[in-house]
Structure formats: C-alpha cells, structure tokens
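Trainee: Hi! Could you walk me through this one while I have it open?
Mentor: Happy to, let's go.

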Amino acid sequence: MATKQYGPFGVVGAEVVTGIQVQAGDIVRTVSEGLVDFGGAILGGGAPILNADGDSWSTPGSYPAPSLRKNSLICKVGVRWYQGGTDKTFTPSESGEIILRTNDDNPGDNSRGWTVNLYVTPVGDPPVIPPVVPPVVPPVVPPVGQSGSGHAGCSCSCCCANQAIVAQVAMTAITAITAMGQRHD
Ligand SMILES: [Ca+2]
C-alpha cells in the first residue's frame, strides 16, 4: 500500500491534534525541521534551543513521556507515546489518532517551532479469508452380504420367513375356495 504524507504541522509546545487516524501496525515516520526554544532562561542564562530529537539529558518523571528523549518530538496514538524526531519511525500498537507535542513539562513558555511532516504506510491489505469449502463426504456403500430392504432373490432369514408366510396364506385361501366349489356340486 502506498505511503501517504500529512502536514506540515507546527509543533512548539502543547498537544497538536492532527486528525490523522492510523491502525495498529501502521508505519509512521516523522520528519521535522526547525528549532524550539524551550524557555525558562534566567537572565539570559540560556534556554535549550533544540531540534525535534531533543537532548540527551535524562528525562524527569514529571514530563509527559519520561521514557522518551527530553525536549524531543513525541507522538501519541491511543494511550501510548512514541518517539518522534528529525527522522524517526514508530509503529503504534493500537489504532487511533496521532497527536504531536514536545516532551516538555512546561510547554507554555516555548517559542519558535518545529515543522513536522508525517508519512504513514498502512500495515497492509486486510487479511484474506479463504472461501469455505464443504468437506467431501464419500457415498455410503452397504457392506457385501447385506441389503437394505426386502427383495426378490434374497436368501436372508427374514425374507425367507416372509415368503413362507405368504405361501402359507395363499395355500389356505386356495384350499378354502376349492372346498367351497366342491360343496356346490
Ligand atoms: Ca518549556
């Protein structure tokens, strides 16, 4: 499936809702330019001014994503944050909308900004479900020597017994008719 490009989005501080819906397993690439001034400079003591990769200091627990790079671009899908940057790729584990922000516990004093482009490569076509093939049922062949129903020429005990009864009834009827005929003479 083709990769789609979105943006650019300006990110300087707080969350930027992109409106981009991605699926779990999609490949999301962030490509960013520009610098963010993270503020907090005291008497010109030098606020960090960084690109979207942030800096290598350990990230305080009070930051939105303590396990990701401090003062970097971070991207949320669902409930998790993923690492963005000048050229970083992540794969969300659940589906949802992409939200961008700085990994900064005080985004209100930031200035300048990053320009972020997103490239989303869908995980792929939905899985192909094979058509349902009915199982092949072999025809039922009665075992040799047995037959399913009564019939001429069969020598099994039940058929022979029936034939004997029929013959006996016929003989009784013939005898009675003959007797009646003789009485009229
Ligand atoms: Ca700040």
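**Starting from a loop**

Mentor: Let's begin at D55, which sits in the loop between β4 and β5. Keep in mind that this is a predicted model.

Trainee: Is D55 buried, partly exposed or exposed?
Mentor: D55 is partly exposed, because it has 14 C-beta neighbours inside 10 Å; the buried class would need 20 or more.

Trainee: What does D55 touch beyond its neighbours within four places in sequence?
Mentor: P48, L50, K70 and N71 are its contacts there. There is also R69, which is 14 residues away along the chain, with its C-alpha 6.5 Å from that of D55.

Trainee: You mentioned N71. Where is that one?
Mentor: N71 is in the loop between β4 and β5. Its phi is near 60°, a positive value in a residue other than glycine.

Trainee: And is N71 buried or exposed?
Mentor: Buried, because 24 other C-beta atoms lie within 10 Å of N71.

Trainee: OK, zooming out. How many helices and strands are in the chain?
Mentor: One helix and nine strands. Reading from the N terminus, the order is β-β-β-β-β-β-β-β-β-α.

Trainee: What share of the chain counts as buried?
Mentor: 21% of the 185 residues. As for contacts, take those between residues at least 6 apart in sequence: 66% of them join residues at least 24 apart.

Trainee: Let's do sheets. Which strands form the open sheet?
Mentor: Four strands do, in the order β2-β8-β5-β6, with antiparallel pairing. β2 (16-22) and β6 are the edge strands, each pairing on one side only. From one strand to the next the twist averages 30°.

Trainee: How many bridges join β5 to β8 in there?
Mentor: Four, and the two strands run antiparallel.

Trainee: What holds paired strands together in general?
Mentor: Strands of a sheet pair through backbone hydrogen bonds, either parallel or antiparallel.

Trainee: Back to R112. What is its phi?
Mentor: Near 65°, a positive value in a residue other than glycine. R112 is in strand β9, and it counts as exposed because it has 12 C-beta neighbours inside 10 Å.

Trainee: And G113, is it buried, partly exposed or exposed?
Mentor: G113 is partly exposed, because it has 18 other C-beta atoms within 10 Å. It too is placed in strand β9.

Trainee: Which residues is G113 in contact with, leaving aside those within four places in sequence?
Mentor: G10, V11, V12, G34 and V36. G10 is 103 residues from G113 in sequence, yet their C-alpha atoms are 6.4 Å apart.

Trainee: New topic: the core. Which residues of the largest nonpolar core touch the most other members?
Mentor: V11, L73, C75, I98, L100, W114 and V116, out of 19 residues in that core. At least two core residues come from each of β1 (4-11), β3, β5 (73-77), β6 (80-83), β8 (96-102) and β9. β5 gives the most, with four residues.

Trainee: Why would such residues gather like that?
Mentor: In soluble globular proteins, nonpolar side chains tend to be buried together.

Trainee: Last one: where is the cis peptide bond?
Mentor: Between G7 and P8, with omega about 5°. P8 is found in strand β1.

Note on methods
Residues numbered from 1 in each chain as written. Predicted model: local features only at pLDDT ≥ 70, side-chain atom pairs only at ≥ 80, totals over all residues. Core = buried A, V, L, I, M, F, W, Y, C linked by C-beta atoms within 7 Å. Contact = placed C-beta atoms within 7 Å. Pairing = 2+ DSSP bridges. Axes fitted to C-alpha atoms, helices over the stretch in contact; angles between N-to-C directions.
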